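I opened this entry to record what I looked up in a two-chain structure. The notes follow the order in which I went through them.

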Amino acid sequence: MVWQVLEGLSRESAKRLRFVPGIVCIDEGAACGLSPEARAKALAEMKLILQTVGFPWHVVALEEVFDLPPSVLRCFAQEPVGTEGAYKAAVDSFLQQQHVLGAEGAGDSPSLAQGEEQLSWPCTQDPQNPQSPDRPPTAAQTEALSRLFDSVKTLTAKEELLQALRTHLILHVARTHGYSKVMTGDSCTRLAIKLMTSLALGRGAFLAWDTGFSDERHGDVVVVRPMREHTLKEVAFYNHLFAVPSVFTPALDTKAPEKASIHRLMEAFMLRLQDQFPSTVSTVYRTSEKLVKAPRDGCAAGPPGPRCLLCMCALDIDTADSATAFGAQTPLHLSQTQPPTPPPTAPCCSAGMGRVQGCCGGARPCEREDPRARVIEQLCYGCRVNMKDLPSLDPLPPYILAEARLRSQRACIEQQIQEYLVEDSDDEAQTGES
Amino acid sequence: MPAPQCATCHKARAALRRPRSGRALCGACFCAAFEAEVLHTVVAGRLLPPGAVVAVGASGGKDSTVLAHVLQVLAPRLGISLRLVAVDEGIGGYRDAALAAVRRQAARWELPLTVVAYADLFGGWTMDAVARSTAGSGRSRACCTFCGVLRRRALEEGARLVGATHIVTGHNADDMAETVLMNFLRGDAARLARGGGLGSPGEGGALPRCRPLQLASQKEVVLYAHFRRLDYFSEECVYAPEAFRGHARHLLKLLEAARPSAVLDLVHSAERLALAPAARPPAPGACSRCGALASRALCQACALLDGLNRGRPRLAIGKGRRGLDEAGPPRDGEPERAPAPDAVPAF
């Protein structure tokens with residue numbers, strides 16, 4: 001994909017792309033259990049390729065999630081286009097896939113769209129750049145990361161967690177450097193597999209966001225997938241024909257047995273079925289195009305509901321929903337019978353005095369004093385099922401826990417002052433007065 | 001190691017662990033819990049109002065046997081009365097044995113039983129005849145496609161014969177999960193848009209249908225049948241190995257092994273699928289030949305039979321419906337209703 005972008009930006013192309021790209025590469029070696037030497041080697045190879053490409057690049061280690069601020073999990077309104085004068089795009093890199101850094105056969109030095117849009121894009125050698133790649137992550141962070149991933153019981157949950165953390169990190173990098181769009185290199189085959197996997201994980205409500213062309217859940221940064229029409233085979237041929245250099249790094253599930261995780265299962269199944277019924281992948285892809293980003297019964301008339309803490313989709317748990325009421329209750333019930341976590345040192349709602357001033361006084365003390373239950377109730381169905389495989393929430397990066405605390409505090413307070421708020425509509429104001 | 005105590009009554013020794021939650025229960029408590037859950041499903045979804053005459057689609061297999069038994073237990077509380085309807089598709093060596101099991105059950109529960117046969121309803125076409133007709137073209141026989149459509153029509157007919165107001169079938173959670181997977185793999189957006197709920201409310205004169213066992217996993221159904229010592233017929237249909245559903249079933253088994261809650265997650269996903277309005281099936285009208293519910297001029301059953309009768313069995317399957325005498329989707333005026341349902345014109 002990077003190569004395609006390169007081609008598109010070059011002076012010779014018929015329709016020139018008009019954006020200023022940068023490349024982000026995430027080093028996930030710690031999560032995959034790679035030794036530091038292997039990581040350094042892979043990093044060196046990547047840097048070589050990135051330098052030939054010529055775009056500004058940022059290499060970020062996954063350990064930096066421990067430094068992220070909680071604002072990563074908030075959804076900002078979209079900024080009007082043109083505040084930066086340009087429409088910048090950051091190109092996301094793909095350590096999870098073994099391809100694409102395209103090469104152009106003609107080998108022209110990529111002449112970027114100079115002068116089209118102004119702007120000095122931040123350079124990696126910029127001393128003010130807090131994420132300078134020359135500073136390797138500290139050993140403590142690496143250890144914290146490996147502890148987090150070791151504490152997850154199943155490979156499926158590990159992969160989902162990795163994806164969530166990766167997304168947050170990329171988002172953060174994009175926001176810090178002022179990029180408004182993130183492009184990922186997901187091909188048609190990968191997206192079809194992702195669709196079926198999401199279905200099996202209980203994320204049926206969010207398929208359009210997970211596998212569609214553009215994903216605007218994060219507000220100001222939009223994730224787009226320009227490669228979604230190309231199958232893996234096409235990409236492989238392209239790379240081969242145009243001598244595209246690529247780096248292979250082992251991912252979380254490399255060499256894992258087929259039954260180890262849902263992702264592996266689905267991948268193996270789809271590829272096997274594709275042999276027998278050659279139209280399988282394209283059929284699933286076409287079906288994914290028919291999905292829309294709306295709640296099923298069109299109940300989006302009301303104000304947007306709360307969003308999931310990890311994946312930032314509107315929550316799809318509906319307690320009034322009769323059909324999976326049992327299913328939705330079971331994971332909640334189970335999570336509350338987990339071994340009791342130590343009581344929080346600073347409970348969000350002290351059940352002591354100060355009823356008037358306290359955040360949750362009166363007859364309804366906040367019942368979510370258990371921090372685990374507090375986090376779980378802010379997650380969507382799919383994320384809740386994943387959390388079941390995480391016995392303790394402590395190893396999670398602090399920004400997630402902080403944001404969870406903040407949200408539940410806010411919900412608590414809102415409940416308290418609900419009756420005093422002046423609502424916009426008349427009927428609500430009347431019921432509020434009761 | 002001593003066996004654990006039942007988690008509910010704390011008196012009896014636990015005899016099983018529920019697959020979903022892992023709780024240890026004794027046989028009686030498990031059956032009670034199962035029945036309570038089915039009751040909750042029916043009541044919360046308002047599926048079977050009091051006074052309903054419910055036709056139970058009985059095939060002799062474990063799902064319909066358990067369904068009939070549970071509904072019988074719950075009938076006084078729900079205020080419904082039951083009738084058994086069995087469908088004879090004419091599959092030699094399979095259906096006769098299953099029907100024998102249904103007859104035994106009907107005698108045991110003292111419920112009225114009606115058997116409707118394809119041969120009578122559909123102008124002599126049994127499933128064996130259909131299989132012979134579609135065989136030999138180099139492609140798969142698509143038996144399940146025919147059987148599914150015709151069986152639903154037959155059930156509807158049987159239900160009308162006994163004067164029922166609702167139809168219930170024994171589909172369990174595993175069936176729903178397989179259906180979703182299968183529809184996605186085959187790209188059947190129309191079925192995806194239609195399915196996923198608790199059954200259809202019965203538009204356009206069709207009887208309302210529902211699936212009370214929809215949230216029970218297959219393992220629990222089998223466990224219930226075991227503890228209540230129900231007698232059922234457990235062999236697989238003769239045509240099942242060549243069905244596409246087999247792939248979906250295999251995938252589901254693998255998924256369940258990797259993550260036990262996969263079945264429920266799939267059902268949850270299926271309910272919340274949001275498909276584009278263009279992909280949804282058009283509003284249902286009436287079939288121009290038999291008057292049944294149809295999205296196009298001819299209902300699928302009539303279309304399939306038409307193809308069979310003309311010697312071109314695949315006429316109505318897939319996208320090639322151009323050979324049929326359809327006038328296109330029904331417009332505002334109601335197409336006139338044809339006479340009795342079994343009068344399918346033969347060439």
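**Helix pair in chain A**

I started with helix α9 (residues 262–276) of chain A and helix α10 (residues 280–289) of chain A, which pack at an angle of about 115° with their axes 8 Å apart. Axes are lines fitted to C-alpha atoms, for helices over the stretch in contact, and angles run from 0 to 180 degrees between N-to-C directions. Helices (H or I, at least four residues) and strands (E, at least two) are DSSP runs numbered from the N terminus. I then listed the contacts (heavy atoms within 4.5 Å): M270(A), L273(A) and Q274(A) in α9(A) meet T280(A), V281(A) and V284(A) in α10(A). The residues of this contact are 4 nonpolar, 2 polar and no charged. Here Ala, Val, Leu, Ile, Met, Phe, Trp, Tyr, Cys and Pro count as nonpolar, Asp, Glu, Lys and Arg as charged, and the others, Gly among them, as polar.

**Provenance**

I note that this is a predicted model, in which local features need pLDDT of at least 70 and side-chain atom pairs count only at pLDDT 80 or more, while totals for chains, interfaces and linings use all residues. Residues are numbered from 1 along each chain as its sequence is written, chains are lettered from A in the order in which they are written, and side-chain values use heavy atoms, with hydrogens and water left out.

**Chain A against chain B**

I found 47 residues of chain A in contact with 42 residues of chain B. The buried area (accessible area, 1.4 Å probe, lost on putting two parts together, summed over both) is about 3,900 Å², and carbon and sulfur atoms give 68% of that. I looked for salt bridges (a side-chain nitrogen of Lys or Arg within 4 Å of a carboxyl oxygen of Asp or Glu) and the count between the chains is 1. R259(B) and D389(A) meet in a salt bridge through their side chains, at 3.6 Å, N to O. On the side of chain A that touches chain B, α9(A) gives the most, with 8 residues. That side divides into 24 nonpolar, 13 polar and 10 charged residues.

**Chain B, local checks**

I checked helix α6 (residues 143–162) of chain B: its 20 residues reach 28 Å from first C-alpha to last, close to the 28 Å expected (1.5 Å times one less than the number of residues). Just after α6(B), G163(B) has a positive phi of about 75°.

I also looked up T114(B), which lies in strand β5 (residues 113–117) of chain B. Leaving out residues up to four places away in sequence, T114(B) touches L84(B), V85(B), A86(B) and V162(B).
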